[in-house]
Amino acid sequence: MLLEQSVAASGTEVHPPELPWSHKGVFNSLDHASVRRGYEVYKQVCAACHSMRFIAYRNLVGVTHTEAEAKAEAAEIMVQDGPDEAGNYFMRPGKLSDYFPSPYANEEAARAANNGAYPPDLSYIALARHGGEDYLFALLTGYCDAPAGIVLRDGQYYNPYFPGGAISMAQALYNESAEYSDGTPASAAQLAKDVSTFLVWSADPCHDDRKRMGIKSLGIILVLGTLVYYLKRHKWAALKTRKIAFYPKQK
């Protein structure tokens with residue numbers, strides 16, 4: 001922990017501000033409407049470069065989509081399957097058990113398409129980066145012109161929240177760069193907020209269940225603690241309230 005703090009303190013990047021996310025409270029759940037919109041942002045913008053190979057379409061059921069909607073989303077992709085009875089592989093529409101497809105066949109193809117940079121998988125990115133969703137939001141909305149003295153190579157962009165400042169990912173979110181199915185105005189800040197919330201859910205799909213279980217456990221502990229305290233008082237009352245008197249023998 002001390003080493004992490006010392007390294008973070010010596011970095012040249014700007015530390016993201018802490019934002020008032022609706023899910024940050026101990027008893028607060030994720031905004032599932034925002035998670036659904038974030039999935040739409042990922043699908044329309046981020047999926048062109050980034051994979052989410054640890055998230056399956058079945059994970060969307062009951063969180064952002066109904067089962068029928070999730071099946072329709074999965075059916076939009078084609079998945080290689082097989083071998084069949086003849087020993088051949090074939091393409092079929094996706095199913096709920098299939099995982100989100102990768103935009104590239106392999107890492108080498110990904111690097112070749114991005115000037116040598118490898119776009120990270122986003123499944124656990126909210127937990128893999130210091131600052132979590134605060135960092136993701138700041139990174140997505142923090143692009144600006146490089147200050148004097150900083151030289152960027154071809155294919156690099158300046159973002160003060162990225163370590164070193166030079167990042168190979170161009171700014172992806174602009175006003176109306178994605179379209180929401182619920183009609184929410186798609187400003188750049190709204191897009192960044194929703195996709196950050198979606199990535200928080202993907203990194204911790206049990207977020208709401210964990211907090212719900214914590215509330216139930218706290219209630220059980222409170223009831224049992226009260227009962228134990230009452231039993232303790234009941235059992236020990238006779239001993240703790242007794243009076244011991246010494247009467248010496250009369251000669």
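**View 1. D31 caps the N-terminal end of helix 2.** In this predicted model, a side-chain oxygen of D31 lies 3.2 Å from the backbone nitrogen of A33. That is a polar contact, meaning a pair of N or O atoms within 3.5 Å; within protein, one must be able to donate a hydrogen and the other to accept it, and residues adjacent in sequence count only if both atoms are side-chain atoms. Local features here need pLDDT of at least 70 and side-chain atom pairs count only at pLDDT 80 or more, while totals for chains, interfaces and linings use all residues. Residues are numbered from 1 along each chain as its sequence is written, and side-chain values use heavy atoms, with hydrogens and water left out.

**View 2. Now follow helix 2 itself.** Helices (H or I, at least four residues) and strands (E, at least two) are DSSP runs, numbered from the N terminus. The end C-alpha atoms of helix 2 are 18 Å apart, which agrees with the 18 Å that its 13 residues should span at 1.5 Å a residue; the expected span is 1.5 Å times one less than the number of residues. Among its buried residues are S34, V35, G38 and V41. Buried means under 20% relative accessible area, exposed over 50%, and partly exposed in between (1.4 Å probe, protein chains only). Helix 3 (67-75) and helix 7 (188-203) are included in what covers these buried residues, judged by contact, or heavy atoms within 4.5 Å.

**View 3. R37 lies over the face of Y180.** R37, one of the buried residues of helix 2, is 5.8 Å from the ring centre of Y180. A charge sits over a ring if NZ of Lys or CZ of Arg is within 6 Å of the ring centre and within 35 degrees of the ring normal.

**View 4. W21 and F137 form an edge-to-face pair.** The structure holds eight aromatic pairs. In this one the ring centres are 6.3 Å apart and the planes meet at 85°, so W21 and F137 are edge-to-face. Rings of Phe, Tyr and Trp (its six-membered ring) pair if their centres lie within 6.5 Å; planes under 30 degrees apart count as stacked, over 60 as edge-to-face and the rest as tilted. W21 is buried at 10% relative accessible area, and F137 is buried at 19%.

**View 5. Q156 sits in the loop between helix 6 (132-141) and strand 3 (157-158).** Q156 counts as buried because its relative accessibility is 18%. Leaving aside neighbours within four places in sequence, Q156 is in contact with A166, I167 and S168.
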